[in-house]
Amino acid sequence: MISVVALKKEFRVYRHHRGALGAVRNLVTREAHVVHAVDGVSFRIAPGELVGYLGPNGAGKSTTLKILTGILVPTDGEVRVAGRVPWLQRTEHVRGLGAVFGQRTGLWWDLPVIESLDLLRHIYRVPADRYRQNLRLFDALLDLGPFLDTPVRSLSLGQRMRADLAAALLHDPMLLFLDEPTIGLDVVAKERIRGFIRAINRERGTTVILTTHDLGDVEKLCERVIMIDHGRLVFDGALETLRQRFGEGRVLVVDFETPPGPLSLPGAETIRQEANRVWLRVAAHGSVAGIVPLLFRDQRVLDLSVQEPEIEEVVRRIYEGHLLADEAG
Amino acid sequence: MREGLRLYFRMIGMQVRSEMQYRASFVAELVGNLLVTGLDFVMVAVLLMRFQAIGGWTLAEVVFLYGSSAVSFSLAELFVGTFDNFEQWVVRGDFDRVLLRPLPVIFQMLTGAFPLRRFGRLAQGTIALGVAFVLLKPVWNVGHWLFWGVMLAGGALFFMAIFVLGATLSFWSPQMHEVANIFTYGGQFMTSYPMHIYEAWLRSIFTFVIPLAFVNYYPALFLLGKPDPFGLPGWVSFLAPLIAVAAFRGAIAIWRVGVRHYQSTGS
Ligand SMILES: Nc1ncnc2c1ncn2[C@@H]1O[C@H](COP(=O)(O)OP(=O)(O)OP(=O)(O)O)[C@@H](O)[C@H]1O
Ligand SMILES: [Mg+2]
């Protein structure tokens, strides 16, 4: 469905001098420096996948999506989406995709939501009964009814996002690009939007690529994660693999009857102790079952629980690690 | 084609309804526009009247030129108004939206705005032309009337070309917009009055660099039966459609190159 090979996008950013004289200088001197927003990324995405495209601020996520949707022309590299080159066959390409760039609306700002949807129906030539059917379904999933007649500029952020999602899917695209679709939303709104994305992906087989900084989105939606940093690919694989490879291992929380002395256990390290409770980190490939009997050896254990590494924690470590590596280099 | 037209009107309808949300400011701007441009004209007309002899133009003839230029320009504004202020679209990344829709970019630009207040200039131009015809009482045959239509359309097309080119500059540097304004609004002002009131260098720019004189002034010379005070041959009056079409096609070609340079925004 999507294939990206050695994709690069450079931006030339010009230094701006201020004032009227500055404007003239800007034209004459044009001091540029180059930003490598996407720097040699390759991946493939199969039909029906739901992929989380992650990375810290400025990693190049939005830039990649803009290239895939045909907004930007890359500096170098190859892109095929459903066999087409997005920026060369733009109109055919965008007819088959839906896109929501969370910060921005695709609707007509001053007019009621329903008018935008109705115009989009004509732009995409959606048959009238299919339009009605979709509208009914989206209303059921996203509860659009209460604000269909409200001008877009008066919508709350959550309402606007729901309206934009509906607008992006009216024409049954086979591909959906979402750039931070849950940004700034409350827990309930997020949950609703996640449910909607999942339903569209499962029931219609729509391929979805979404960027987000909310790892809840990733945990609840994505089986596969592609992670970039400074325009380079740092991980591509299952969410579970990410957790295992970059997680520091599981944590064993043990409540002893009395405060234990220093513990020395092969394959586990004490990371915290508060009175009777001890937190032990089990090495990434270690076995909990191997450690538990050792705990019972000297003391009475009242309670015991195992914590999986939080994806939030895992991702934080990756992001931070790369930032550190960069400072060192 | 039929479907395209229907969609055109549907999208223009959206813009009109959007505009109507701000009815009060619409009326204020309309009145403001009428006053400002009207005052311009009165001032220049008074000056011309005082130095009546210059170039042998009567007030009625000047009003004819003024009206024709205003009508051409406002037609251009009505159709390609989106290209004016386009630097805002580039700076804010609003052009993303255009590229995400399965319609030709130019089509969306033609339907991206429909500033009703610009009907003010159209009305003004039409009134000026009415006055000019009453005063001039021209004895024209069908050919003259047709040629006058060609002159108006050519002027409109040429102004459209300037709007498109001005917008195209924004893809490289949004600040260039101010420069573009010199040629759009400046050009409109220039072509409202006979060329002989200008300094030679300015005249040369609008004759040979940005050949606006050929789509407005020279056709008017023919229609008013005046010789060219600058000695160009009579047939240059008929270059209007050629020059206008060439300018417009050129502008669209350059625009297409610009679109591929669009950089969107960082957030
Ligand atoms: N239009 C542009 N002009 C200049 N630089 C840009 C432009 N768009 C993006 N950049 C730069 O390219 C880099 C990548 O930006 P991008 O928006 O793709 O990041 P992102 O991963 O989406 O970040 P975020 O999580 O903050 O949204 C950044 O350094 C940004 O400043
Ligand atoms: Mg982004």
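How many of the residues in the lining of the largest pocket are nonpolar, how many polar and how many charged? The lining divides into 16 nonpolar, 20 polar and eleven charged residues; Ala, Val, Leu, Ile, Met, Phe, Trp, Tyr, Cys and Pro count as nonpolar, Asp, Glu, Lys and Arg as charged, and the others, Gly among them, as polar.

All views show a predicted model, in which local features need pLDDT of at least 70 and side-chain atom pairs count only at pLDDT 80 or more, while totals for chains, interfaces and linings use all residues. Residues are numbered from 1 along each chain as its sequence is written, chains are lettered from A and ligands numbered from 1 in the order in which they are written, and side-chain values use heavy atoms, with hydrogens and water left out.

**View 1. The largest pocket has a volume of about 1300 Å³.** A pocket is an open set of points on a 1 Å grid over the protein atoms alone, with protein on both sides within 12 Å along at least five of seven lines; lining residues have an atom within 4 Å of a point. Grid points are joined across faces, edges and corners, and a volume is the space filled by probe spheres set on the points. The lining holds 47 residues, and A:F11, A:R12, B:Q263, B:S264 and B:T265 lie nearest the centre. At least two lining residues each come from β1 (2–14), β2 (32–45) and α2 (61–68) of chain A and from α4 (86–92) and α8 of chain B. Helices (H or I, at least four residues) and strands (E, at least two) are DSSP runs, numbered from the N terminus. β1(A) gives the most, six residues.

**View 2. The second largest pocket holds about 1000 Å³ of space.** It is lined by 33 residues, with A:D110, B:Q15, B:W89, B:G112 and B:A113 closest to its centre. In chain B, α1 (2–20), α2 (23–50), α4 and α5 (95–99) each supply at least two lining residues, and α1(B) gives the most, with four. The lining has eleven nonpolar, eleven polar and eleven charged residues.

**View 3. The largest cavity has a volume of about 300 Å³.** A cavity is a set of grid points where a 1.4 Å probe fits but cannot get out. Of its 18 lining residues, A:A99, A:G106, A:D164, B:L100 and B:R101 lie nearest the centre. Two or more residues each come from β5 (97–101) and α6 (157–169) of chain A and from α5 of chain B. β5(A) gives the most to this lining, five residues.

**View 4. The second largest cavity has a volume of about 60 Å³.** Among its 14 lining residues, B:F83, B:F163, B:G166, B:A167 and B:H177 are closest to the centre. α4, α8 and α9 (177–191) of chain B each give two or more residues, and α8(B) has the largest share, five.

**View 5. Helices α8 (residues 142–172) and α11 (residues 217–224) of chain B pack at an angle of about 165°, with axes 10 Å apart.** Axes are lines fitted to C-alpha atoms, for helices over the stretch in contact, and angles run from 0 to 180 degrees between N-to-C directions. α8(B) and α11(B) are therefore roughly antiparallel (angles over 145 degrees). Contact (heavy atoms within 4.5 Å) joins B:H144, B:F147, B:W148 and B:M151 of α8(B) to B:P219, B:A220, B:F222 and B:L223 of α11(B). Seven of these residues are nonpolar, one is polar and none is charged.

Definitions and conventions: Angles under 35 degrees count as roughly parallel, over 145 as roughly antiparallel, 65 to 115 as roughly perpendicular and the rest as oblique.
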